[in-house]
Amino acid sequence: MAHADADAGDLPPPPAKKKKSPAEEEAEKRRKKLTPGSLMKGLIRSGGGDATPAEGDQVIVHCTTRTIDGIIVNSTRREHGGKGVPLRFVLGKSKMILGFAEGFPTMLMGEIAMFKMKPQIHYAEEDCPVTAPDGFPKDDELQFEIEMLDFFKAKIVAEDLGVVKKIIDEGKGWETPREPYEVTAR
């Protein structure tokens, strides 16, 4: 009499599921908050090329935030009361609102887009990783005008993202700089 166990040993083991990092799990959990119509993009000026930023890229953007009525509540641009200093984020590493995390990877270099966001995907998001400035209308639907100034492959040098290395050309080989080589940083 044959045992049922004998045939079970002939089957290959089930494929192992790839373990997700805590950051990947968190990003997946946040993406579930996206609902139809919660993030909408309108193109103001098309960008150049066909490359878009990917995870690990540093993006440099200007951002002007408006209410649905068109009232500017925050901006990086001087002409709108800002300091003129663009924002810098490393996709997948920097703390940012969900609308930015989903919207930036859709943009081309030089593109200007208007992102209309429901409160649950900007500063009113439950457990939002960034806090809204004082007096900010975080419970309102807002429009974020984003200009993609630049993006590039980046390597995190300091964990607090205070130092990010721009990768112009990926190095080859195992050597690191040593005498008589010189490394210049600015």
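A residue is termed buried when its relative accessible area is under 20%, exposed when over 50%, and partly exposed in between (1.4 Å probe, protein chains only). Cys-128, at 18% relative accessibility, therefore counts as buried, and Cys-63, at 6%, likewise counts as buried. The structure is a predicted model, in which local features need pLDDT of at least 70 and side-chain atom pairs count only at pLDDT 80 or more, whereas totals for chains, interfaces and linings use all residues. Residues are numbered from 1 along each chain as its sequence is written, and side-chain values use heavy atoms, with hydrogens and water left out.

A disulfide is a covalent bond between the sulfur atoms of two cysteines. With the criterion of a pair of cysteine sulfur atoms within 2.5 Å, the count of disulfides is zero.

Aromatic contacts were examined next. A pair of aromatic rings is described by the distance of the centres and the angle of the planes. Rings of Phe, Tyr and Trp (its six-membered ring) pair if their centres lie within 6.5 Å; planes under 30 degrees apart count as stacked, over 60 as edge-to-face and the rest as tilted. Five aromatic pairs are present in the structure. One of them, formed by Phe-89 and Phe-104, is tilted, with 5.7 Å from centre to centre and 40 degrees between the planes. Phe-89 belongs to strand S4 (residues 87–90) and Phe-104 to the loop between helix H3 (98–103) and strand S5 (112–117), so the pair ties together parts 15 residues apart in sequence. Here helices (H or I, at least four residues) and strands (E, at least two) are DSSP runs, numbered from the N terminus. Both Phe-89 and Phe-104 are buried. In the pair of Tyr-123 and Phe-136, the ring centres are 5.0 Å apart and the planes stand at 75 degrees, so this pair is edge-to-face. Tyr-123 and Phe-136 lie in the loop between S5 and strand S6 (142–156), 13 residues apart, and both are buried.

Ring pairs also join Phe-89, Phe-100, Phe-104 and Phe-144 into a cluster. A nonpolar core is a set of buried Ala, Val, Leu, Ile, Met, Phe, Trp, Tyr and Cys residues joined through side-chain atoms within 4.5 Å. The largest such core has 23 residues, of which Phe-100, Phe-104, Phe-144 and Ile-146 touch the most other members. Two or more residues of this core come from each of strand S2 (57–67), H3, S5 and S6, and S6 provides the largest share, five residues. Not counting residues up to four places away in sequence, the contacts of Phe-104 (heavy atoms within 4.5 Å) include Pro-53, Val-59, Leu-91 and Met-148.

Charged side chains form eight salt bridges in the whole structure, each being a side-chain nitrogen of Lys or Arg within 4 Å of a carboxyl oxygen of Asp or Glu. Among them, Glu-111 and Lys-41 meet at 2.8 Å, N to O. This pair links the loop between H3 and S5 with strand S1 (residues 39–45), 70 residues apart. Glu-111 is buried at 3% relative accessible area, whereas Lys-41 is partly exposed at 39%. A second salt bridge connects Asp-57 and Lys-153 (3.0 Å, N to O), and these residues of strands S2 and S6 are 96 residues apart. Asp-57 is buried at 3% relative accessibility, while Lys-153 is partly exposed at 46%.
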